Amino acid sequence: MSAKRSGRAAAEAPCRVTVCRGCCCGDGAKVPGVDHAGQIPRLRAALGDVAPVRASECLDVCDQANVVVVQPSAAGRAAGGRPVWLGLVNDEAALADIAEWIRAGGPGVAEPPGVLDLYAFTVSRRVREALEG
């Protein structure tokens, strides 16, 4: 791949979404009444080709189950966007708000719907570096 092509691909890199599915996130005993198995397919369907959605092993923030991390696109990172950690994502409205924000550009590009401020939390440097690393 040429340098020009790889540079363009990097500039076009989309947001990425990581959904924790470790020891507590996705566990009906820890968080009852949530269709845990359906969260990732619904998020993927809502985002289509806009952003990839992947499941992760435990992200080590079990008190925030269910956790979703939205990493900025290349454009978002260039504009100062950083990964946003969202916890207690246990209802359909939260998933819809996350998908809407990502479709609008995500971190660094678009302001999140105000309600997502209730879900955002700061993670320890150790945990953050393990995901970004």
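This is a predicted model: local features need pLDDT of at least 70, side-chain atom pairs count only at pLDDT 80 or more; totals for chains, interfaces and linings use all residues.

Me: What is phi of L88 near?

Reply: Phi of L88 is near 60 degrees, which is a positive value in a residue other than glycine.

Me: And is L88 buried or exposed, or something in between?

Reply: In between: L88 has a relative accessible area of 45%, so it counts as partly exposed.

Me: OK, on to the helix after that loop. How far apart are the end C-alpha atoms of α4?

Reply: They are 16 Å apart. Helix α4 has 12 residues, and at 1.5 Å a residue it should span 16 Å, so the two values agree. If you're counting along, the expected span is 1.5 Å times one less than the number of residues.

Me: What happens at the N-terminal end of α4?

Reply: D91 caps that end. One of its side-chain oxygens lies 3.1 Å from the backbone nitrogen of A93.

Me: And just after α4?

Reply: There you find G105, which takes a positive phi of about 135 degrees.

Me: Which residues of α4 are buried?

Reply: The buried ones are A94, L95, D97, I98, A99, W101 and I102.

Me: What covers them?

Reply: The cover over the buried residues of α4 includes β1 (16-20), α2 (36-47), β3 and β4.

Me: Pick one of those buried residues and tell me about it.

Reply: Let's take A94, which is in helix α4. Its relative accessibility is 1%, and the limit for buried is under 20%, so A94 counts as buried.

Me: What is A94 in contact with?

Reply: Leaving aside neighbours within four places in sequence, A94 is in contact with V89, L116 and Y119. There's also a C-alpha distance to look at: A94 and V115 are 21 residues apart along the chain, and their C-alpha atoms are separated by 8.2 Å.

Me: Changing topic: where is S73?

Reply: S73 lies in the loop between β3 and α3 (74-78).

Me: What does S73 touch?

Reply: Not counting residues up to four places away in sequence, S73 touches A13, P14, C15, G105 and V109.

Me: What does the side chain of S73 reach?

Reply: It reaches the backbone nitrogen of G76, at 3.0 Å.

Me: Now salt bridges. How many are there?

Reply: The count comes to three.

Me: Which residues are linked in a network?

Reply: D35, R42 and E92 are linked in a network of salt bridges. The side chains of R42 and D35 meet at 2.9 Å, N to O. R42 also forms a salt bridge with E92, with the closest N and O atoms 2.7 Å apart.

Me: Why would I care where R42 and E92 sit in the chain?

Reply: R42 lies in helix α2 and E92 in helix α4, so the pair ties together parts that are 50 residues apart in sequence.

Me: Which salt bridge does D60 form?

Reply: D60 pairs with R126, and the closest N and O atoms are 2.7 Å apart. D60 lies in the loop between β2 and β3 and R126 in helix α5 (residues 125-132), so this pair ties together parts that are 66 residues apart in sequence.

Me: How exposed are D60 and R126?

Reply: D60 is at 40% relative accessibility and counts as partly exposed. R126 is at 57%, over the 50% limit, so R126 counts as exposed.

Me: What about phi of D60?

Reply: Phi of D60 is near 70 degrees, a positive value in a residue other than glycine.

Me: Last one: what is the peptide bond from A65 to N66 like?

Reply: That peptide bond is cis, with omega near 0 degrees. As for the place of N66, it's in the loop between β2 (53-56) and β3 (68-71), and D60 is found in the loop between β2 and β3 too.

Technical notes: Residues are numbered from 1 along each chain as its sequence is written. Side-chain values use heavy atoms; hydrogens and water are left out. Helices (H or I, at least four residues) and strands (E, at least two) are DSSP runs, numbered from the N terminus. Buried means under 20% relative accessible area, exposed over 50%, partly exposed in between (1.4 Å probe, protein chains only). A polar contact is a pair of N or O atoms within 3.5 Å; within protein, one must be able to donate a hydrogen and the other to accept it, and residues adjacent in sequence count only if both atoms are side-chain atoms. Contact means heavy atoms within 4.5 Å. A salt bridge is a side-chain nitrogen of Lys or Arg within 4 Å of a carboxyl oxygen of Asp or Glu.
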